[in-house]
Amino acid sequence: MTFFVLSTVNKPTVQTKPARPQTTDNISAAHLLRLYERFEFLDRSHRGELRAEDFGAVRELAMNPIGDRIIGAFFSPGQETLDFPTFVQILSHFRPTDTNRARDGMQQEPASSRTRKLKFAFQLYDQDRDGKISREELLQVLRAMLEMQVTEEQLQSIAERAIQEADLDKDDAISFEEFRKSLEKVNIDQKMSIRFLR
């Protein structure tokens, strides 16, 4: 596990806090600086923390049909703000997977691991956080993503087929393990990347 100290960014405006363990997945100092600059840009009121509405300045999220869900995934239930270390930790999900990094039993799996990326993606669907993607949750995402491109009947058909194919235990919902198995052949690094982290 890497220890991340805010003062390593060499920005005098950052509030210094005691170091706390944070997974940064070996993000370089240059990337940290770029992330800090992005954080400062989003923190227009200079509070040292971001609220969900601050992410409206990110054009890609504002234009994304599920942008609200992506932004919501940055915040734990009941959490209204996030600080810079948390911002970095969450964005680590969008770094390329480090397949050469060895882990012992004591180390936490890096945020950029395939499993952690899939868990992040899973929570975009599982809005009630019950550990399953229901038919209605799947339909909400499909409606947002496909908007007026298909009819409601076609959306229902797509959702039905997705559930049939992924739902191995036949409980009419998709668990995380079923979600992971259904995406075995998908290049998750290609699907989950953010330009300013490269």
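This is a predicted model: local features need pLDDT of at least 70, side-chain atom pairs count only at pLDDT 80 or more; totals for chains, interfaces and linings use all residues.

Trainee: At what angle do the axes of α6 and α7 cross?

Mentor: They cross at roughly 130 degrees, and the axes come within 10 Å. Helix α6 covers residues 135-146, and helix α7 covers residues 152-166. Angles over 145 degrees would count as roughly antiparallel, and 65 to 115 as roughly perpendicular, so α6 is oblique to α7.

Trainee: Which residues of α6 and α7 meet?

Mentor: From α6 there are Arg135, Leu138, Leu139, Leu142, Arg143 and Leu146. On the α7 side they meet Glu152, Leu155, Gln156, Ile158, Ala159, Glu160, Ala162 and Ile163.

Trainee: Let us change topic to the aromatic rings. How many aromatic pairs are there?

Mentor: The count comes to 12 aromatic pairs. One of them is Tyr36 with Phe39, a stacked pair with 6.5 Å centre to centre and 25 degrees between the planes.

Trainee: Where do Tyr36 and Phe39 sit in helix α1?

Mentor: They are three residues apart in α1, which spans residues 29-42, so about one helical turn separates them. Both Tyr36 and Phe39 are buried.

Trainee: And what kind of pair do Phe55 and Phe75 form?

Mentor: That pair is edge-to-face, with 6.2 Å centre to centre and 85 degrees between the planes. It links distant parts of the chain, as the two residues are 20 residues apart. Phe55 is in the loop between β3 and α2, whereas Phe75 is in the loop between α3 and β4.

Trainee: Is Phe55 buried or exposed, and why?

Mentor: Phe55 counts as buried because its relative accessibility is 2%, and buried means under 20%. Phe75 also counts as buried, at 8%.

Trainee: Which residues form the aromatic cluster?

Mentor: Tyr36, Phe39, Phe55, Phe74, Phe75, Phe84, Phe87 and Phe120 form one aromatic cluster.

Trainee: What about charges? Which ring does Arg44 lie over?

Mentor: Arg44 lies over the face of Phe41, 4.5 Å from the ring centre. Lys119 has its charged end over the ring of Phe176, at 5.8 Å from the centre.

Trainee: One last residue, then. Where is Arg116, and what is it in contact with?

Mentor: Arg116 is in helix α5, residues 114-125. Apart from neighbours within four places in sequence, Arg116 is in contact with His93, Gln108, Glu109, Pro110 and Ala111. Its relative accessibility is 16%, so Arg116 counts as buried.

Definitions and conventions: Residues are numbered from 1 along each chain as its sequence is written. Side-chain values use heavy atoms; hydrogens and water are left out. Rings of Phe, Tyr and Trp (its six-membered ring) pair if their centres lie within 6.5 Å; planes under 30 degrees apart count as stacked, over 60 as edge-to-face and the rest as tilted. Helices (H or I, at least four residues) and strands (E, at least two) are DSSP runs, numbered from the N terminus. Buried means under 20% relative accessible area, exposed over 50%, partly exposed in between (1.4 Å probe, protein chains only). A charge sits over a ring if NZ of Lys or CZ of Arg is within 6 Å of the ring centre and within 35 degrees of the ring normal. Axes are lines fitted to C-alpha atoms, for helices over the stretch in contact, and angles run from 0 to 180 degrees between N-to-C directions. Angles under 35 degrees count as roughly parallel, over 145 as roughly antiparallel, 65 to 115 as roughly perpendicular and the rest as oblique. Contact means heavy atoms within 4.5 Å.
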